[in-house]
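Me: I would like to go through this model by asking what lies behind each label, so please set the values against the criteria as we go.

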Amino acid sequence: MSRENVIAKLQIGIYLLNFAAVCLVAGIMTYSLKEIVAVMDAKSFLKAVQVRPWRPDTILFTSVVCYLFLVVLSGVSQLWEDKGKLVRSFLMIGEIGFCIGTTLALNMNYDGLVLLVVADMIRGQKGGKQKLILLVAVTGLYTITDYNLLGRYFGMVPWDSFISYFSISTQALLRGTRSIFVSMNLVLFILYMVLLIQGEHREKERIRFLNEQLEAANIKMKAYAAEAEKNAETRERNRLAREIHDTLGHVLTGIIAGIDACITLIDISPEETKNRLVKIGDVTRQGITDVRRSVKKLRPDVLEKMELEKALTQMLQDVSHNTKAEITFDNQVRPLKFHEDEEEAIYRVIQEATTNSIRHGHGERIMISIEKKEKWVTITVKDDGKGCDYVEQGFGLRHMEERLKFLGGYLEYEGHNGFLITARIPIRWGEEYDS
Amino acid sequence: MGKKQFAARLAIIGAAAILLLIAAVYLNRRRQSGEDEILRFGMFAGSYWDVPNGNCYEIIDDAIARFEKAHPGVKVEYVSGILKEDYSEWLAEQVLLGKEPDVFLIPAGELATLASSRILKNLNGVIQKDKDFHKESYYQAAYRYGNWKQKQYALPYESVTTLMFVNKTLLNNEGIAMPGNTWSWNDFLTICRQVTKDTDHNGITDQFGYYGYSWQDAAYSNGLSLFNEDGTASYFGDERMEAALRFVKELEEINQGYTVTAKDFDKGKVAFRPLAFSEYRTYKPYPWRIKKYSDFEWDCVKMPSGPSGGSRTELNTLLMGISSRTNHETMAWEFMKTLCYEEDTQLALLQQSQGMPVIRKVTESPQFQALLKSEAPGRNAAVDMNIIGQVMEEAVEMPNFRLYPSAMTMADGEISRMLKGEASMDSGLLKLQREINALLKE
């Protein structure tokens, strides 16, 4: 028998048991009122209880009808477990109302219905603030349904007064029957709660287990990534070594051999030496081409494949996909074409500054502009984020600064009103460095 | 569909089915009930005042007929034949069965119980709304008797005050003039001293001054109320109380230890006896006058007044109230007004009941005076029956708080000890006041 099955049966059991209890208590109350009249003890009864009891028929009618409505609402609240908060609150309030109605009709002589409502509340609650509300509601319900606290005020007649007109043995029987119902109800409630909480506990356990597995996989992934990076580095080093060896080594060797030959030849045949030197020049030029080709391979992929402006636009587009911030790019330099190292510096500065803004500033807008004045190109990256009064120079900023210094430029930044980075680079116009 | 859903659905269907069934039965029963608005009235047979009464239903039947004529579509029903001594139990039974009448007479001394158990309806609201109703029309003491904890729960139907019965024949024989309505304790004492004697000279006193004059009578006629209005404090330590007790003690000493009985009075051997007005109304006219007090001429005067106050007496009032769960609130109020407020009914009380109307205008009407005269042919014109109006006006209502009976029992016991000289009077009264106040605080 599955756990769900047991819970369902328990629930039906609780409904039926409470129905029986309500009928029994209301029935005995009704019967004893009529019995008191039959033995002509009405006046002393009234004098003893000091309140006017409900009409016998009203007791029976109200308690049964209110209880049935309570059951209907309880059922509906289970079927509508995924409905909105408002609907569920209304259902809960309705349940509490009918619970109070039934309990009042029973003159607070049976408080088991509170448990039924509490079970519904606990099943429906989803942690957090609701726990507090639940606590308040349960305390309130118990207060209201407790005879000793408010019974006199509501004109309730205690159980003992009702049954005091039966014989002693009948009284004992009735008292016992009622306490059996109360305890049975309690047992069923506890069982139900245990199963419910157990189910929840199992769910939590499963989630925890899955989380652990995920964690382990993550760690493994990190190790793999580190290894892969190391491998790539090694590979790259090997390639560089090979490249140097293959290009520079080869050329330098040729140059050395040619120069040695020239030293020997210069006195014998200056003509021949000249030829050789021309050849050496060719080899050197060839070597430079090779070196350039090698270096090209080390450039950022995007820049290698396309022009700077396009690359920037693409990069910013990619970035803006991953953030809520609105990025504007204002380029006043056309065509945006510089030396490779300059382009790379510009690209990296913009990339780094944008990343910083998103990561630290959390701004809504990032404004990027490039402008040119004489030989200086100025790049500004500004955001409206939270900025910072004291800028701690991290790796990114230092890296940018170094890169710019290398080109003869410099970097300025301030974080009082958002964060503003200004980079200036002197451009080597006309110093053609053809490729 | 999960198992849980199954349980929920089963519960809903089951409960809804039973609910439908109940609704069907309920509607069916509603359809069977009639269209007339039925007002139920609760009353007992006989007189509230423990005197014989010929036809107690006539006055009610007349009132019902008038009421039904004025309010078409409304029928008034009552159960006849309930004896006064069974009435309290009958009413309690009806309350338990939830079938108490809409309007009913309140058994003696049960106002507090019925009001505190919320069986009676608080009338303050309807009284305020009803522009035709003026509580000033009632004798104050009668109206206030229906008040409990500042709320009016009942209206007075009829009242009875205490008067001093005088054996005229005895006074004549002794050559003493009939006391007037302004007589004092001293006059009372003097006459008692004069008449208390051994008439047949056999050594045993056989003619007495008074019978049944209690310390309560003395206290009231000395202008003292024993309790405050809401029954939370008592005034036994008052010096008027002490004066009253000294007076009663003096009276007792005249009898020289002989205990006068009701039989002595009936035989014409006692000059004075405080009696309820209902007795006067019963035994004065034919046919009852030949049954009792037939050996001597008698009449009544106001109680003698003490030095600190007028001749106040305690007013006993029959009350009527409305059930707090009546479905016909307006009609119940109208019907109660027909009985307790309408002059027609109150006038009819004069002819058919032994109580006093509670409406001032009726008591002071010429019809009433004429009736009293016709009932007592050949009576001494010196006694003006206008005193009835005065006595009613000056009367104090009987306290109706819950602990009144137990407080009075306690006081009575202690005071008889004082009268017998077993306890000191001045310190004893203060102690009694303390003890009763403590009891009232419970």
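Me: What makes S1(A), helix H13 and S2(A) of chain A a β-α-β unit, and of which hand?

Reply: In this predicted model, strand S1 (residues 326-331), helix H13 (residues 340-361) and S2(A) make a left-handed β-α-β unit. S1(A) and strand S2 (residues 365-373) run parallel and are joined by six bridges, and pairing requires at least two bridges, so the two strands count as paired. Within this pair, A:Thr328 stands opposite A:Met367 in S2(A). As for the hand, a right-handed crossover would run clockwise from the first strand over the helix to the second, with the strands pointing away from the viewer, whereas the unit here is left-handed.

Me: Why is B:Lys149 called partly exposed, and why is B:Gln150 called exposed?

Reply: B:Lys149 has 13 other C-beta atoms within 10 Å; a residue is exposed with 12 or fewer and buried with 20 or more, so B:Lys149 falls in between and is partly exposed. B:Gln150 has 8 other C-beta atoms within 10 Å, and because 12 or fewer is the limit for exposed residues, B:Gln150 is exposed.

Me: What makes the backbone at B:Lys149 and B:Gln150 worth noting?

Reply: Most residues other than glycine have a negative phi. B:Lys149, however, has a positive phi of about 50 degrees although it is not a glycine, and B:Gln150, also not a glycine, has a positive phi of about 65 degrees. B:Lys149 is placed in the loop between strand S4 (147-148) and strand S5 (151-152) of chain B, and B:Gln150 lies in the loop between S4 and S5 of chain B as well.

Me: Why is strand S6 of chain B called mostly covered, and which strands does S6(B) pair with?

Reply: Seven of the seven residues of strand S6 (residues 154-160) are buried, and the strand is mostly covered. S6(B) pairs in the antiparallel sense with strand S11 (residues 314-322) over six bridges, with B:Leu155 opposite B:Met320.

Me: Why are S8 and S10 of chain B called edge strands?

Reply: Four strands form an open sheet of mixed pairing in the order S8-S9-S7-S10 (chain B). Strand S8 (208-210) and strand S10 (298-301) each have a single partner strand, so one side of each is left without a neighbour in the sheet. The twist averages 30 degrees from one strand to the next. S8(B) is joined to strand S9 (residues 270-276), parallel to it, by two bridges, and B:Tyr210 has B:Phe272 as its bridge partner in S9(B). Helix H8 (residues 185-195) of chain B lies across S8 and S9, at about 155 degrees to S8(B).

Terms used:
Residues are numbered from 1 along each chain as its sequence is written. Chains are lettered from A and ligands numbered from 1 in the order in which they are written. This is a predicted model: local features need pLDDT of at least 70, side-chain atom pairs count only at pLDDT 80 or more; totals for chains, interfaces and linings use all residues. Axes are lines fitted to C-alpha atoms, for helices over the stretch in contact, and angles run from 0 to 180 degrees between N-to-C directions. Two residues are in contact if their C-beta atoms, placed from the backbone, lie within 7 Å.
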